[in-house]
Amino acid sequence: MTLLISHPSFLEHDTGDYHPERPDRLRAVTAILADEEFAGLKRLVAPEATIEQLTRVHPRGYVDAILGIRPPPGELVHIDADTVMSAGSANAARHAAGAVVAAVDGVLGGAARTAFAAVRPPGHHATPDVPGGFCLFNNVAIGARHAQAAFAVERVAIIDFDVHHGQGTQAVVEPEPTLFYASTHQYPLYPGTGFPRERGIAGNVVNVPLAAGSGSAEFRTAWSERILPALDGFAPELVIVSAGFDGHRRDPLAQLDIETEDFVWLTEELLAIAGRHAGGRLVSVLEGGYDLAALAESVATHVRTLMAADAA
């Protein structure tokens, strides 16, 4: 069985007019996953992440500061030029992290083998003590640390195919040999990090930057020749995916030429490695993707692939 975890509060995270990370993104995802073909999903409402869960990644002062930003309805607070909070943002951010925790609970607790957390705000740019890039809490890192704390899982891999490098996730992973982080991302592009020389404390970080205009061939080569063998060697007991679909050729924020079918291929490859080392246990978490039609199409094929693996 595949879990689908979301929460109504994600639509209350108001980023203002014309912001690319807008509530319509989640509406597009929710609409396509309401199709009859996805009736077999087990749908859960995300809980709030607890303070204990959040502080496994973020210092308590940071957590309190983010949760304390609650402007009056209709007003916005700009954390930086791109990262915005509204009256509903703190609640949404806490439920986004809670969605990943619930996904980990479901997969490691035996309720399902795979899960997709349809969340916003995204998380992979949030370092332990600095928000940014639309991100407030690092949802996937919180999920990884929860797996280790609550289920005594030793090795957790976080795989990031968002078009932007997840410098926040890397900051959590690189000093921790029990965690693994790998990313393809366009370079140069925000946040300007993710060089191949960044290897982590134990070779537990793998970055493959892609030039603007790179398409299916370059994307698949990066994964098949560099990242997937390293992931296989790490032998993760749980795979968590930062599923950003903004590398799609139709996305307005980047210039890669990836097709929807490439996301299917990579999902199948990640599921195969999860099958070899983790009992098939894989948690996927929504990150970027800003062309609504391309995002909905890509999420549908991604979730469809998760469901097919569960049915096999």
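Reader: How many of the residues of α4 are buried?

Author: This is a predicted model, in which local features need pLDDT of at least 70, side-chain atom pairs count only at pLDDT 80 or more, and totals for chains, interfaces and linings use all residues. Residues are numbered from 1 along each chain as its sequence is written, and side-chain values use heavy atoms, with hydrogens and water left out. Helices (H or I, at least four residues) and strands (E, at least two) are DSSP runs, numbered from the N terminus, and buried means under 20% relative accessible area, exposed over 50%, partly exposed in between (1.4 Å probe, protein chains only). Helix α4 covers residues 89–108, and the number buried is 18 of its 20 residues.

Reader: What span does α4 reach from its first C-alpha to its last?

Author: The expected span of a helix is 1.5 Å times one less than its number of residues. For the 20 residues of α4 that gives an expected 28 Å, and the model is close to this. After the helix comes G110, with a positive phi near 95°. The span of α4 is 29 Å.

Reader: In what order do the strands of the open sheet lie?

Author: Two strands count as paired if DSSP finds at least two bridges between them. Eight strands form the sheet, with parallel pairing, and the edge strands, β2 (42–45) and β8 (205–210), each pair on one side only. Direction ignored, neighbouring strands are turned by 15° against each other on average; axes are lines fitted to C-alpha atoms, for helices over the stretch in contact, and angles run from 0 to 180 degrees between N-to-C directions. The order is β2-β1-β5-β10-β9-β6-β7-β8.

Reader: Which residue of β10 stands opposite A117?

Author: A117 belongs to β5, where A115 and A117 point one way and T114 and F116 the other, all of them buried. Strand β1 (residues 2–6) pairs with β5 in the parallel sense over four bridges, and T2 has T114 as its bridge partner there. Four bridges also join β5 to β10, again parallel. The residue opposite A117 is V285.

Reader: Which residue stands opposite V285 of β10 in the pairing with β9?

Author: Strands β9 (residues 238–243) and β10 (residues 282–286) are parallel and share five bridges. Helix α8 (residues 260–277) lies across β5, β6, β9 and β10, at about 145° to β10. The residue opposite V285 is S242.

Reader: Why is β7 described as largely enclosed?

Author: In a regular strand the side chains alternate between the two faces of the sheet. In β7, L179, Y181, S183 and H185 point one way and F180, A182, T184 and Q186 the other, all buried. Strand β7 (residues 179–186) is therefore largely enclosed by the rest of the structure, its buried residues being eight of the eight.

Reader: What is the handedness of the crossover from β6 to β7?

Author: Strands β6 and β7 pair in the parallel sense over five bridges, with V156 opposite L179. Between them the chain passes through helix α6 (residues 167–173). A crossover is right-handed if, with the strands pointing away from the viewer, the path from the first strand over the helix to the second runs clockwise. This β-α-β crossover is right-handed.

Reader: Which residue of β8 is the bridge partner of H185?

Author: Strands β7 and β8 run parallel and are joined by six bridges. The bridge partner of H185 is P209.

Reader: Which backbone nitrogen does the side chain of N139 reach?

Author: N139 lies in helix α5 (residues 139–151) and counts as buried because its relative accessibility is 2%. Its contacts (heavy atoms within 4.5 Å), leaving aside neighbours within four places in sequence, include A93, A96, A97 and V100. At 3.3 Å, the side chain of N139 reaches the backbone nitrogen of A97.

Reader: How many of the 13 residues of α5 are buried?

Author: Among the buried residues of α5 are N139, R145 and H146. Helix α5 is largely enclosed by the rest of the structure, since the number buried is ten of the 13.

How values were computed: A polar contact is a pair of N or O atoms within 3.5 Å; within protein, one must be able to donate a hydrogen and the other to accept it, and residues adjacent in sequence count only if both atoms are side-chain atoms.
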